[in-house]
Amino acid sequence: MLQRGFDRTTVDDVASHAGVGKATVYRRWPSKEDLAVAAMESLYSTEMPEPDTGSIATDLAEGYRSVLAFVNTPDGAAYLRTSIAESVRDDRIAALYRASTERREAQSRRTFERAIERGEVRADIDIDSAVQWLGGLLALRAITHRPMPSLDETDALVALTLRGVGAAG
């Protein structure tokens with residue numbers, strides 16, 4: 001599904017790839033939609049570690065590098081495009097994607113809360129926007145088929161974030 005998208009993936013393809021008959025697939029998942037939901041649920045269960053280095057700049061850099069390394073792979077880019085497309089098509093996948101996104105946002109929120117406690121970040125920031133802006137940029141680039149930011153851009157993206165949330169020096 002990541003390689004071909006939902007519409008071009010068939011149950012025959014899945015059965016062949018798994019080395020089983022189509023009937024075996026249908027016994028477990030009664031429809032292609034149910035199979036897609038199960039596949040996306042498996043993908044969304046993957047978690048990225050939450051950096052906690054004691055510095056917001058280093059935490060953001062590690063987190064951004066991890067995300068950028070992933071979205072710059074063929075599977076990572078396909079994951080993002082498929083997540084967006086399938087979330088629009090199927091409310092069940094949208095709910096899975098939202099839950100996965102909310103788990104990642106909660107991790108990032110903790111990163112910013114620790115930085116606020118250390119005085120590195122202003123206490124009045126809109127944490128939701130600070131947490132969501134990179135994902136929004138990546139989604140926009142996926143939808144418009146523009147290149148993802150590269151790993152070389154990590155420091156610039158961290159600097160952009162810190163200019164928006166940083167404590168007055």
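In the residue classes used here, Ala, Val, Leu, Ile, Met, Phe, Trp, Tyr, Cys and Pro count as nonpolar, Asp, Glu, Lys and Arg as charged, and the others, Gly among them, as polar. By that division, the lining of the largest pocket in this predicted model comprises 18 nonpolar, 10 polar and four charged residues.

**Largest pocket**

- The largest pocket holds about 910 Å³ of space, and 32 residues line it, with Met48, Val67, Arg104, Ser108 and Gly135 lying nearest its centre.
- Two or more residues of this lining come from each of the elements α4 (56–71), α5 (74–89), α6 (91–118) and α7.

**Second largest pocket**

- In the second largest pocket there is about 550 Å³ of space, and of the 15 residues that line it, Met1, Leu2, Thr9, Val14 and His17 are the closest to its centre.
- The elements giving two or more residues to the lining of the second largest pocket are α1 (11–18) and α3 (32–44), and α3 gives the most, with five residues.
- By class, the lining of the second largest pocket is made up of eight nonpolar, three polar and four charged residues.

**Packing of α4 against α7**

- The crossing in which α4 passes α7 is right-handed, and the contact is made by Tyr64, Val67, Leu68 and Val71 of α4 together with Trp133, Leu134 and Leu138 of α7.
- In the contact of α4 with α7, seven residues are nonpolar, while none is polar and none is charged.
- Val67 of α4 takes part in this contact and is also one of the residues nearest the centre of the largest pocket.

**Packing of α7 against α8**

- The crossing of α7 and α8 is right-handed, and in it Ala130, Trp133, Leu134 and Leu137 of α7 meet Leu157, Leu160, Thr161 and Val165 of α8.
- The residues of the contact of α7 with α8 comprise seven nonpolar and one polar, with no charged residue among them.

How values were computed
Residues numbered from 1 in each chain as written. Predicted model: local features only at pLDDT ≥ 70, side-chain atom pairs only at ≥ 80, totals over all residues. Heavy atoms only, no water. Left-handed = near helix turned anticlockwise from the far one by under 90°. Helix = DSSP H or I, 4+ residues; strand = E, 2+ residues; numbered from the N terminus. Contact = heavy atoms within 4.5 Å. 1 Å grid on protein atoms, 1.4 Å probe; cavity = no way out; pocket = protein on both sides within 12 Å on 5 of 7 lines; lining within 4 Å. Points joined across faces, edges and corners; volume = space filled by probe spheres on them.
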